[in-house]
Amino acid sequence: MNKFNIKEVKARQVFDSRSVPTVEVEVVLECGVYGRGTVPSGASTGKFEALELRDNDMKKLNGKSVYKAIENIKQIIAPAIIGMDATNQVAVDRKLIELDGSENKSNLGANSILAVSMAVAWAGANANKIPLYRHLGGANAKVLPIPMIQIIGGGAHANNTTDFQDYLVVPVGSKSFSEGYEMVVNVYNATKKIFSKYKKPLATADEGGFWPTKFNTNEEGLKLLLEGIEESGYEPGKDIAIALDIASSEFYEEDGMYRLSLENRNMNRIEYVDYLCQLIERYPIVSIEDAMAETDWEGSKLLTEKVGSKIQLVGDDLFTTNISRIQKGVKIGVNNSVLIKMNQIGTITETLDAIDFTKNAGYLPVVSARSGETEDTTIVHLAIATNAGQLKVGSVARSERTAKWNEVIRIEEDLQDNGVYDGGNIFKRIIK
Ligand code: 2PG
Ligand code: MG
């Protein structure tokens with residue numbers, strides 16, 4: 001018998017950083033080694049994501065409990081994968097996809113499937129006595145990502161106080177991950193002071209950034225961020241650049257209008273693209289995610305034509321880590337970057353395939369956490385395994401966020417001189 005064969009699959013309901021139930025799995029091998037995966041969950045979920053199975057029993061935890069997903073693991077998945085070699089991720093993931101049999105993991109639930117896929121990956125790494133990034137990435141896994149870090153959290157992560165979802169920074173002038181991270185911590189602390197200076201209440205949004213109370217416009221977040229960067233002694237654009245995740249599907253209506261409720265302003269796609277271009281002119285913005293809505297391919301194309309050679313345009317809800325959607329974007333020339341979220345697609349190997357596809361198309365992958373997270377650090381290893389180059393995990397506060405950032409610091413130490421950090425140079429691949 002192979003000592004790396006799966007002997008037991010344990011599944012349980014645990015809770016994420018928003019106190020929402022989620023699925024956790026442990027896979028135990030014949031040799032006694034085990035691996036664990038805990039699934040994250042989004043708030044501004046894309047329409048085309050794989051299905052997150054919830055019980056929808058309103059008498060239990062607001063309908064959010066995941067007992068059906070747990071039962072699917074125990075009754076259907078476990079019997080099918082017990083006896084399989086945990087170091088063969090491709091075979092296990094194929095089996096999971098086949099057991100589900102649907103386009104979007106709607107039979108067993110992407111949360112039950114992903115928890116197992118993640119646990120198997122960790123078990124495989126532990127069995128081989130190597131870190132997960134090495135197990136998934138092989139001999140050439142070495143690139144430490146530049147961090148994209150939230151300083152102010154709005155949109156669905158702050159009760160829609162602003163229309164824009166995330167105001168982030170990227171330490172483009174940093175020479176190493178840990179130097180870049182320290183720079184961002186300085187900006188976070190300086191922005192806290194700026195909030196006090198303007199008598200804005202200090203509270204934290206879902207991903208640890210500041211909650212944008214008493215904002216009059218969406219642009220105000222950019223102004224505060226710019227002040228925070230300057231206050232901490234950095235040159236905006238050179239040392240620290242700004243990134244936005246607008247998550248615009250949340251305020252786009254199918255009549256083709258973008259409605260900014262905070263400003264009581266309605267714009268058609270042409271006016272809205274102009275508005276964004278003006279912001280890009282006025283602020284040192286290096287990246288915008290979901291600038292246009294997930295169904296507005298025409299708007300995305302227009303924006304890409306205008307600024308696609310100046311800044312990174314990331315598709316999150318637009319692409320949902322799904323090769324067929326990314327392929328469509330590449331074909332029609334939309335965006336130049338793809339947000340990568342494991343639970344949008346549902347297995348580790350499909351996530352690896354999406355990253356490969358993105359890179360081969362000349363687009364930049366940005367590996368991302370969800371707004372609902374746990375102590376799980378799989379995405380950090382995934383980013384380094386694939387030399388993806390960019391990682392987005394929310395802010396520098398709250399333990400479900402620092403669990404990830406601190407793991408990068410540990411891997412940076414582990415890689416020593418063999419690690420590679422491109423910093424802001426990564427954007428030169430798409431910016432002309
Ligand atoms: C996003 C993510 C993370 P959510 O939109 O990129 O910030 O949010 O997990 O709520 O989709
Ligand atoms: Mg997003």
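**Entry 1**

Is R18 buried, exposed or partly exposed? I looked this up in the model, which is a predicted one. R18 is partly exposed, and its relative accessible area is 22%. I then examined the partner of R18 and found a salt bridge to D206, with the closest N and O atoms 2.8 Å apart. This pair connects distant parts of the chain, since 188 residues separate the two. I place R18 in the loop between β1 (6-15) and β2 (21-29), and D206 in the loop between α5 (177-197) and α6 (219-231). For D206 I noted a relative accessible area of 16%, so I record D206 as buried. The cut-off behind this call is that buried means under 20% relative accessible area.

**Entry 2: salt bridges within helices**

I noted a total of 28 salt bridges in the structure.

For E305 and K301, I found a salt bridge with an N to O distance of 3.2 Å. Helix α8 (residues 297-307) contains both E305 and K301, and they sit four residues apart, about one turn of the helix. I record E305 as exposed, with a relative accessible area of 55%. K301 counts as partly exposed, at 31% relative accessibility.

For R410 and E407, I found a salt bridge whose closest N and O atoms are 2.7 Å apart. How many residues apart are R410 and E407 in helix α13? They are three residues apart in this helix (residues 399-415), which means a separation of about one helical turn. R410 is partly exposed, with a relative accessible area of 48%. E407 has 14% relative accessibility and therefore counts as buried.

I also noted a network elsewhere: R12, E24, E26 and R36 are joined by salt bridges that share partners.

**Entry 3: the magnesium ion**

Which residues coordinate the magnesium ion (ligand 2)? I found D245 (OD), E289 (OE) and D316 (OD), at 2.0 to 2.2 Å. The spacing of these donor residues in sequence reads D-x43-E-x26-D. I located E289 in strand β10 (residues 285-289), and D316 in the loop between β11 (312-315) and α9 (323-332). E289 and D316 therefore tie together parts that are 27 residues apart in sequence. I checked accessibility for both residues. E289 is buried, with a relative accessible area of 1%. D316 is likewise recorded as buried, at 2% relative accessibility.

**Entry 4: ligand 1**

I then listed polar contacts to oxygen atoms of ligand 1.

- For Q165, I found a polar side-chain atom 2.9 Å from an oxygen atom of ligand 1.
- For R370, I found a side-chain N or O atom 2.8 Å from an oxygen atom of ligand 1.
- For D316, I found a side-chain N or O atom 3.1 Å from an oxygen atom of ligand 1.

How much of the accessible area of ligand 1 does the protein cover? Ligand 1 has 310 Å² of accessible area on its own, and the protein covers 100% of this area.

How values were computed
Residues are numbered from 1 along each chain as its sequence is written. Chains are lettered from A and ligands numbered from 1 in the order in which they are written. This is a predicted model: local features need pLDDT of at least 70, side-chain atom pairs count only at pLDDT 80 or more; totals for chains, interfaces and linings use all residues. Side-chain values use heavy atoms; hydrogens and water are left out. A salt bridge is a side-chain nitrogen of Lys or Arg within 4 Å of a carboxyl oxygen of Asp or Glu. Buried means under 20% relative accessible area, exposed over 50%, partly exposed in between (1.4 Å probe, protein chains only). Donors are N, O and S atoms within 2.8 Å of the metal (3.2 Å for Na, K and Ca); water is not among the atoms, so sites may look incomplete. A polar contact is a pair of N or O atoms within 3.5 Å; within protein, one must be able to donate a hydrogen and the other to accept it, and residues adjacent in sequence count only if both atoms are side-chain atoms. Accessible areas come from the Shrake-Rupley method with a 1.4 Å probe; for residues, only the protein chains shown count as cover.
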